[in-house]
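Please look at the structure shown below and follow the explanation through its aromatic residues and one of its sheets.

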Amino acid sequence: MAAGGPATGGPPQPARVTQRVAGATPAPALTAFLPPRFTADPRNIAPPQPEAGALRFALPARARPGARVALRMGETWQPGHRNMFGFEVLIEPATLPRQAPLTLARWQAGPEGPVLLEMTLDARHGLLVENRRCVGPASFGTWRRVYLRILWSSAPGGYLEVRCGTGALATMPVIYAREGIATHPPGAPPRYDLSLGLIAGRALATPAEVRLRRIIWRRLYVVFDRVAQAG
């Protein structure tokens, strides 16, 4: 037999242990649920879990302040850029602290810069946008849609708008809106960062869990059905 040739004879060789089990379906990758630019936050205490067409975000009991299971994305902003963010959220009613707020979404100027907008969550008040109710406790356990549209500006010419509900964007009520504002404070880093998932504001006595799906990020060139109101 030539050197390096195949062996002949002898007992049959076992199948390689790396062979895929027949009929097994691999779990979908995290990226299958996300638009470009979204990744798992490297500060996570555990990764988001793909589950039944959605991502599950779970914080354990005794999680410390600042503990997170979240996504993050960021982008250098330009004056005049318009963006839309959206997601559907299902809030598990039995897994929330009553009055220890969790952060579900946070937009800020740079990774550690000023907070532009924050959505908080607890069992008593539901999902709030700057203290205005987006999803009330009566809607826990069902999917609800959230949209944010924003015009980036370092001068008092920008706007932001949050809508919550079901159905098409134009039919959803405006929960929070600001007009003629600096959406990116002067002197702040020339980018924005979004955290989306669960971040503990205080130590948790009980576990907390939400599910997110249909996460979107879009650049807008034409904006319809915008409603201006005082913040």
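In this predicted model, phenylalanine 85 and tryptophan 107 are both buried. A search of the whole structure finds 3 aromatic pairs, and phenylalanine 85 and tryptophan 107 make up one of them, with 5.6 Å from centre to centre and 65° between the planes, an arrangement that is edge-to-face. Because phenylalanine 85 lies in strand β5 while tryptophan 107 lies in strand β6, which covers residues 102-109, this pair ties together parts that are 22 residues apart in sequence.

Tryptophan 152 and tyrosine 192 also form an aromatic pair, but this one is stacked, with the centres 4.7 Å apart and 10° between the planes. Taken together, Phe85, Trp107, Trp152 and Tyr192 form one aromatic cluster.

From phenylalanine 85 the reader can move on to the sheet around it. Strand β5, which spans residues 82-91, is joined by 8 bridges to strand β10, residues 144-151, and the two strands run antiparallel. Within this pairing, phenylalanine 85 stands opposite leucine 148 of β10. In general, the strands of a sheet pair through backbone hydrogen bonds, and they do so either parallel or antiparallel.

Both strands belong to an open sheet of 7 strands, whose order is β2-β3-β14-β5-β10-β11-β12 and whose pairing is antiparallel. At the edges of this sheet are β2, residues 49-51, and β12, residues 174-181, each of which pairs on one side only. On average, and with direction ignored, neighbouring strands of the sheet are turned by 25° against each other.

Where does the charged end of arginine 213 sit? The charged end of this arginine sits over the ring of tryptophan 143, at 4.0 Å from the ring centre. In a further contact of this kind, the charged end of arginine 37 is placed over the ring of tryptophan 217, 4.2 Å from the centre of that ring.

How values were computed
Residues are numbered from 1 along each chain as its sequence is written. This is a predicted model: local features need pLDDT of at least 70, side-chain atom pairs count only at pLDDT 80 or more; totals for chains, interfaces and linings use all residues. Side-chain values use heavy atoms; hydrogens and water are left out. Two strands pair if DSSP finds at least two bridges between them. Helices (H or I, at least four residues) and strands (E, at least two) are DSSP runs, numbered from the N terminus. Axes are lines fitted to C-alpha atoms, for helices over the stretch in contact, and angles run from 0 to 180 degrees between N-to-C directions. Rings of Phe, Tyr and Trp (its six-membered ring) pair if their centres lie within 6.5 Å; planes under 30 degrees apart count as stacked, over 60 as edge-to-face and the rest as tilted. Buried means under 20% relative accessible area, exposed over 50%, partly exposed in between (1.4 Å probe, protein chains only). A charge sits over a ring if NZ of Lys or CZ of Arg is within 6 Å of the ring centre and within 35 degrees of the ring normal.
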